[in-house]
Amino acid sequence: MAAQPMKSRWPGLLLLAVILVVLALMPLLVNNYWLRVATGALMWAGLACSWNMLGGYAGYINFGHSAFFGLGAYVTAFLMNDPFGLPFLATIPAGMMVTAVFAVIIGAPTLRLRGAYFAIATWAFAEVLIQFASAMDFTGGIGGIGLPPYLNERFFYYAMFGTAALTYLVAWALFERSRFGLKVKALRDHEPAAEAMGINTALVKLQTFVLSAVTASVFGAIFAYWVTFINPKSVFGGDITDQMVVMVLLGGLGTLWGPAIGGVTLFVVNRLIWMHWGDTAFYIAILGAAIVLVVLFLPNGIAGLFVRRKANALEKVAEKLIGGGGER
Amino acid sequence: MTASAQASAEPILLVRGLYKHFGGIKATNGVDLAVGRQEIAGLIGPNGCGKSTLFSLVSGTVAPDKGEIRFDGRAIAGMSAHRIARLGLARTFQIPALFDNMSVTENLLAAAAEGHWPGAQERAAATLALLELGHVADNRASDLSGGQQKLLEFGRAVMRQASLILLDEVTAGVHPNIRKIILEAIASLRERGVSFLVIEHDMEMVRSVCDRIIVMDSGRVVTSGAFEDIVRNSEVMQTYLGRPQ
Ligand SMILES: Nc1ncnc2c1ncn2[C@@H]1O[C@H](COP(=O)(O)OP(=O)(O)O)[C@@H](O)[C@H]1O
Ligand SMILES: [Mg+2]
């Protein structure tokens, strides 16, 4: 960004072009196993970006983001099955709308309060959804719900790729290049000052939260159709949120590319561990260690290594959470 | 009289019986004051007498317990801060409340984001030039020196294109050069019709820029008048100067 006016933007654009070409050709370059890994990596990069919209740019920590991923997944599963039997694409807007309604219900009262209330409310919401989905018949209860299988790895790869690319494009346009992004970052850094500049902080936070939630719901919808079977833990589980948070912290909170770097890195590490040791608790330990290392040594994440900056978004988020920092 | 004619006959800011208590602390305890159109009014008084609290009440940052606030002919007491700001009232914070992770330019643009956006880029560039901050335009706000932070705090208020600006000790502890920049900017904005209410400890500055002085003590306005009259009134000066700052 403007931090280094001397530096040309061509190397960055060239790198982006190369990455996009490689991603577009991926199905021709790798076998089906690695195509699935790439599909997952793109999903996590997109999810991390969606979490970062509110967590990084606005400074409000959502500890229940899996709720919206899961809502998208369940709405798609529900509507693709009998008696509705809707086509996949038709279920996505429905999931987005349901998600938006819940995001408003959760966000409107809690985003006005300190960040800690919002963090607790979102965490509780995801827990409630796990219990609810486990108890209800129409969700298939604890056993979960199947979807009509569609065994086309390329379709799912390109669905995730397209959605992730669109997510980053929206994040870039909205948070890095528009008036709206200025308002969001202003309220993160100093909410009373942002209000004094005429910014309706409650509204801007709610809009950002809804966008963040709705984006996650789209990934949830594609995920459900991809894996053809979901249950409460697999789409609402707290570990899904944990991973998004760690990916963003590792990559760089409140940066455009941080969530992509962190998302791809952690997901690939996760797959490698899985290949060598199977499903172990080892990954959880790595997640925990990653959080500690980032907080101690990389407060601006990996992306922060490339831009010099003293202040960091992590401090601002901590202030929001604890409720310290400036008033008056 | 039409509503607008009535409004223009009224002072730009009118405060009546304004109360705000924090627990047992009577931060403002029945403030009455007025600021005229195109006036630069100075607000002085000992530390802790309620000056900054008054700014927070008028700008909507803090809701008053009781009292009337009229801005540009409109009752604004208890209105949310962003609505009051959109009516054309800008304020600075005594402790700079900058957007730390954003650049100097972005701080200025953010101040205009909810206002007259067309031309904001040009106005930001002009403000940078006016405040001689051009060489740090791309620096993070948190990387600025104390004096530069005060300038930026002032610059954001300028970007609001407000009709009334409340300045809370913007020149306290800043280099004389920076102080001069701010004073000249205040004078030229007033020429363009902007009114000011300025909290200031530096009596020399108060004398040189303010048309009128309002003296506060213990949460209320004690007196107001021309600088010379206030200085001549030794009782008032004792109230103000006789206490540790
Ligand atoms: N948010 C607050 N909570 C509690 N007390 C406050 C708060 N803001 C100001 N005060 C108290 O109100 C009184 C007036 O403070 P202030 O308006 O900052 O004075 P001044 O700006 O004239 O120095 C002080 O005693 C101060 O400690
Ligand atoms: Mg003060």
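At what angle do helix α7 (residues 179–189) of chain A and helix α14 (residues 313–322) of chain A pack, and how far apart are their axes? The legends below refer to a predicted model and begin with this pair of helices.

**Figure 1. Packing of helices α7 and α14 of chain A.** The two helices, spanning residues 179–189 and 313–322 of chain A, meet at an angle of about 65°, and their axes lie 9 Å apart. Angles of 65 to 115 degrees count as roughly perpendicular, and α7(A) and α14(A) are therefore roughly perpendicular to each other. On the α7(A) side the contact involves A:L187, A:R188 and A:D189, which meet A:A313, A:K316 and A:K320 of α14(A). By class, the residues of this contact comprise two nonpolar, no polar and four charged.

**Figure 2. Packing of helices α2 and α11 of chain A.** Helix α2 (residues 32–58) and helix α11 (residues 238–251), both of chain A, pack at about 80° with an axis separation of 9 Å. The arrangement of α2(A) and α11(A) is therefore roughly perpendicular. From α2(A), the residues in contact are A:W44, A:L47, A:A48, A:W51 and A:N52, while α11(A) contributes A:I240, A:Q243, A:M244, A:V245, A:M247 and A:V248. Nine of the residues in this contact are nonpolar and two are polar, with no charged residues.

**Figure 3. The interface of chain B and chain A.** In this interface, 28 residues of chain B contact 29 residues of chain A. The area buried between the chains is about 2,700 Å², and carbon and sulfur atoms account for 59% of this area. B:H82, B:F99 and B:N101 provide 21% of the area that chain B buries against chain A, more than any other three residues.

**Figure 4. Polar and charged pairs between chain B and chain A.** Eight residue pairs, both members at pLDDT 80 or more, are in polar contact across the interface. On the side of chain B that touches chain A, the elements giving two or more residues are α3 (81–86) and α4 (104–112) of chain B. That side of chain B consists of 12 nonpolar, six polar and 10 charged residues.

Technical notes
Residues numbered from 1 in each chain as written. Chains lettered and ligands numbered in written order. Predicted model: local features only at pLDDT ≥ 70, side-chain atom pairs only at ≥ 80, totals over all residues. Heavy atoms only, no water. Contact = heavy atoms within 4.5 Å. Buried area = accessible area lost by both parts, 1.4 Å probe. Salt bridge = Lys/Arg side-chain N within 4 Å of Asp/Glu carboxyl O. Polar contact = N/O pair within 3.5 Å; in protein donor to acceptor, adjacent residues only side chain to side chain. Helix = DSSP H or I, 4+ residues; strand = E, 2+ residues; numbered from the N terminus. Nonpolar A, V, L, I, M, F, W, Y, C, P; charged D, E, K, R; others polar. Axes fitted to C-alpha atoms, helices over the stretch in contact; angles between N-to-C directions. Parallel < 35°, antiparallel > 145°, perpendicular 65-115°, else oblique.
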